[in-house]
Amino acid sequence: MTDDESLLDELAGHDDHPPHDGTRPSSTAPAPVRGRRRATVHKRSLLRTVLPALLVVVVLAAVGTGGFLAYGWVTGNVDVSQTETEFEGPGSGEATIVIEDGDSGAKIADKLVEAGVIKTAGPFSTKFGNTPDASSISPGTYKLKKSMTSSDALDLLLDPASRAGMRVTLPEGQRMSDMFARISKATGIPVADFEAAAKDYTALGIPENPAGSAEGYLWPGTYDVPDDATAKDILTMMASRMTSELDKRGVPAADRHSVLTLASIAEKEARTPDDYGKVVRTIDNRLAGVGEAGGRPMNLQLDSTVAYVSGRSSVSTTPEERAVDSPYNTYLHPGLPVGPIANPGSATLDAALNPPEGPWLYWVTINTDTGETVFSTTMAEHDAAVEQWRAWARSKNGG
């Protein structure tokens, strides 16, 4: 008899074996054998049913005892507070973080953790993803506290009062002189400081160029200027942004000066993205001598480049101004001017790199209020367009 069978016998409270009295079994012994066989089958069935239940009880008892002991060990030896994902808040001291264009919620969370603002990135990333207004957080420098909750940190990032320094927005197509005046007004830094910093333009990270100038190499847009920034710091930041934009577009170093020059002319000569590209194509066509130019390059004859030298804010110029000998005077000198005449933005850079196909050799703005411009292939077409402009000008003057 196996140990399992003995166990079942005890559980059943009886013994199938007859008492041993020293006598031999009677001639009817086969019947009890069949009974024992049935009992054995029954016991095995009971074994399969009861034994697993007993094992479960034993295992649970062991787990319960072990779990109690394990809990006692953890609470006695592990600092449970180390597993907390949030500071209690409300925070103290000061921490500064810089959010850059394109930063995701996860990236911002990492910066907050690094600065000691929040404890772990997970809760902030979750709150950022569940807050519709979070996408409105704009690039800039923000002042927060250390040891904040994720909710409080997000609230401060959404509060304009948390911004550090001054915010300056510079429109596309401005000259340096206009940029300097705007930045000076916002920061209190004298214009003379910007002019002095721009003279040493290579110190700003701008490569040496034929114009010997930073003009055209300063990216327009919105900047958050730190309180302690100098004129050189600000111009270096703007030059770095322009370099990044040129890198992003894959513009070779050898082509950058001409690309910026083309883009700056488009900024001054046209008003719409479609016309930006047409201006660039027309310049290319004139330089290549296409169409009725008969293969001979044509002078560009651009008022915008002459106006840059004379300091005019408008594109129109006088005969006297067009007679001044200057490397920017495209009436007198062939080819592109010596350098950019403004600081271009995304649309004109893209136009300079990928202008549309077209046979144009001339253009004229026939309505300077709306910027409507007519592009022509022949001189006869251009003369007709110029008459349209003159008629508009007379109507504006009451003639």
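I count two strands as paired if DSSP finds at least two bridges between them. Strands (E, at least two residues) and helices (H or I, at least four) are DSSP runs, numbered from the N terminus.

**Ground rules.** I am working on a predicted model, where local features need pLDDT of at least 70, side-chain atom pairs count only at pLDDT 80 or more, and totals for chains, interfaces and linings use all residues. Residues are numbered from 1 along each chain as its sequence is written, and side-chain values use heavy atoms, with hydrogens and water left out.

**Strands β5 and β6.** I looked up the partner of β5 (residues 362–367). It pairs with β6 (residues 372–376) in the antiparallel sense, over five bridges. V364 stands opposite V374 in β6. I then checked the hairpin: four residues lie between the strands, and G371 takes a positive phi near 85°. For burial I use under 20% relative accessible area as buried, over 50% as exposed, and in between as partly exposed (1.4 Å probe, protein chains only). Five of the six residues of β5 are buried.

**Helices α3 and α4.** I describe two packed helices by the angle between their axes and the distance between the axes. Here α3 (residues 105–114) and α4 (residues 121–129) pack at about 145°, with axes 9 Å apart. Axes are lines fitted to C-alpha atoms over the stretch in contact, and angles run from 0 to 180 degrees between N-to-C directions. I noted which residues touch, taking contact as heavy atoms within 4.5 Å. From α3, G105, A106, I108, A109, D110, L112 and V113 meet A121, F124, S125 and F128 of α4.

**Helix α7.** I listed the buried residues of α7 (residues 191–199): F194, A197 and A198. Seen down the axis, they fall within an arc of 100°, so they line one face of the helix. The arc is that of the directions from the helix axis to the C-beta atoms. These buried residues pack against α6 (176–187) and α8 (231–248).

**Two threonines.** I found T317 in the loop between α11 (303–310) and α12 (319–322). T317 counts as buried because its relative accessibility is 11%. Leaving aside neighbours within four places in sequence, T317 contacts D303, V306, A307, R312 and R322. V306 is eleven residues from T317 in sequence and 7.1 Å away, C-alpha to C-alpha.

I found T96 in strand β1 (residues 92–99). At 43% relative accessibility, T96 counts as partly exposed. Leaving aside neighbours within four places in sequence, T96 contacts T141, Y142 and K143. T96 and A164 are 68 residues apart in sequence and 8.3 Å apart, C-alpha to C-alpha.
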